[in-house]
Amino acid sequence: MIGLYHFLILSGVLFSLGVLGVLLRRNALVVLMAVELMLNAANLAVVAFVRYPMFGDGGIVNAQDYAAMTNGMTLVFLVMTVAAAEVGVGLAIVINLYRQKKSVNIEEANALKG
Amino acid sequence: MTDSHLFNVLVPSLLKMVVIFHVLLGVVAYLVLVERKLLGRFQQRVGPTRVGPWGLLQPIADGLKLFLKEDIIPTKADRVLFIAAPLISMITALLAMAVIPFGPRFELFGIDFGYLQIADVNVGLLYIFGITSLGVYGIFLAGWSSGNKYSLIGGLRSSAQMISYELTLGLSVIVILMACGSLRMSQIAESQGDGFWNWWIFSTQWYFIPGLIGFFLYLISAFAETNRLPFDLPEAETELVSGYNTEYSSMKFAMFFMAEYVNIITVCSIATTLFLGAWHSPLPFAPFTSVPGVIWFLAKVFSLVFVFIWIRATLPRFRYDQLMHFGWKVLLPLALVNILLAAAGLIAAGSF
Amino acid sequence: MVGAFFFWIFAFTAFFAGVGVVASRNPMHSAISLVAVLISIAGLFLALHAEFLAWILVIVYTGAVMVLIVFVISLLNLDKDEPIDYTAARRWGMAALTMFIAAFLVYLYADPLIGAGHPAKPPVPDDWGSVQTVAIDLFTRYMIVVQLAGVLLTAAVIGAVVVARKPEQNEEREPGA
């Protein structure tokens, strides 16, 4: 029987993979992709919570109230919007970085290092 | 789910799937012949005539030739993606056909088959856009993984072109959603019965202008999406030695070839469903309505396919900057204005 | 039964493709793996009755965002394998940190799993999670948020153009300045 926690654990594992990618990789584009992976893992958790609401003791909500309760989906929709904007600007920065350094290694972007 | 219920759902779906799939692939094979014949006519030639009577066995000969050719994978190619690319192209092309309603509801042997449509999903139109947006990867990965600069340029061009024109494609269809209020393909088709003046392209419900503009915007961006002339820059033979599929041979090449033609049929079917009244006859009385809906649907689809071939024989290729200029500075604003027009028309007609 | 089957298929695809994103040395392979992850997540959204979000995920992410990333990878000619020259200490430190985060998350989630069992899945109408339910929310209660999202996107577009634009001929910058 598949339930909420299956989705949550998968979401947690994917999020951790994203963290690993951000920490381990030095290619700016791959780091950007790992961030996207984390965002989507979080989205998965939100959507899972929308489908399996936990209110009160037994986690049961009034069925009628629940049918109108899609705020979580709205949230995910807005997260996707923001992520699209973020990728647009992020890629522009990567292109600019490449133009300055002829590489997208994030460890070489240290011109402001004190 | 009881056994009989499962039977009643599963058997019609499977039957429809098998029939639509096979008819589609047969049509694709002969579409190539039709295109060559028509191009011949347009250019004062006769087209293929050697294999079989009037060249009718030409598709079989072509298929056999492609099957028997040696399958080459270049040494500089990225093996996994090189093999995956034609599969992605073919699968996405075929998947998009799943939600197209070819005909009205029908019953056979007392079983309700529903619409002549494989899956009547709630968000049919979104599904189509999702699947076709995946089609970019097939062409792009083919170009990238070949390890050939012509292929790479072809792949880059195609991804830029397809992202740009997908916007117009989506926006041109939004006017239908505004008027119809549903994303379900069968429901959009049902909403256009009783005569051609109810088809969304001419519909008086919003004073027909938004429908007409939307249809032509859709058609133009569909040319770009399917990489057909005048927008065939990804495979421009004369400058890129056929672009993304230069390095492909044998069955992999055949898959790209088939995917292209399946895509043409798909975009024409979508245009028919959304704008041209799907399976409804143009006039709502006897001699027209007694023709089965599927025949009307196919007739409309093939008229559009004919337009595709006609345009190919008529127009020269765009230059790349012209293509981008046209997509972003002409078509996109026009599509946005068209949405405003449609909204104004709907309010004026009192259907909001 | 059918639901469980699809869950495991998508979950395993998502996991292995996620590993591919992090572990591929070639950025292009990372990107394609991420596309596979996103498609699997879209499939899981469908299993969670969120049809609209599933297809929006496919259209927005795989259809636009990832194509853009893939485009930049091949445009900047970045499809070279990244050298592996981490010090062992650094590599193990990172792995340990990630393992810790993963263990923490799994613990957070799995604790109630062992204790109480899954919360119930309430029955919903057929078109729940489809375009209309989300759209009604978006265009009534969250209208201002939608407008702000539009402003944000416009700002991002302009920002991206300004940042990525080639410097003018007369104000040529020193490389690395």
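## Where chains A and C meet

In this predicted model, the contact takes 69 residues from chain A and 72 residues from chain C. Two residues are in contact if their C-beta atoms, placed from the backbone, lie within 7 Å. Helices are DSSP runs (H or I, at least four residues), numbered from the N terminus.

The side divides into 50 nonpolar, 15 polar and 4 charged residues. Ala, Val, Leu, Ile, Met, Phe, Trp, Tyr, Cys and Pro count as nonpolar, Asp, Glu, Lys and Arg as charged, and the others, Gly among them, as polar.

Now take α3(C). Of its 25 residues, 21 are buried, so the rest of the structure largely encloses this helix. Buried means 20 or more other C-beta atoms within 10 Å of the residue's own, with C-beta atoms placed from the backbone. C:N77, with a positive phi near 60°, follows α3(C).

The largest nonpolar core has 172 residues, and C:L53, C:L57 and C:I69 touch the most other members. α3(C) gives this core its largest share, 17 residues. Such a core joins buried Ala, Val, Leu, Ile, Met, Phe, Trp, Tyr and Cys residues through C-beta atoms within 7 Å. Leaving out residues up to four places away in sequence, C:L53 touches A:V47, A:M73, A:V76, A:F77 and C:F45.

Residues are numbered from 1 along each chain as its sequence is written, and chains are lettered from A and ligands numbered from 1 in the order in which they are written. In this predicted model, local features need pLDDT of at least 70 and side-chain atom pairs count only at pLDDT 80 or more, while totals for chains, interfaces and linings use all residues.

Technical notes: Buried ≥ 20, exposed ≤ 12 C-beta atoms within 10 Å, placed from the backbone. Helix = DSSP H or I, 4+ residues; strand = E, 2+ residues; numbered from the N terminus.
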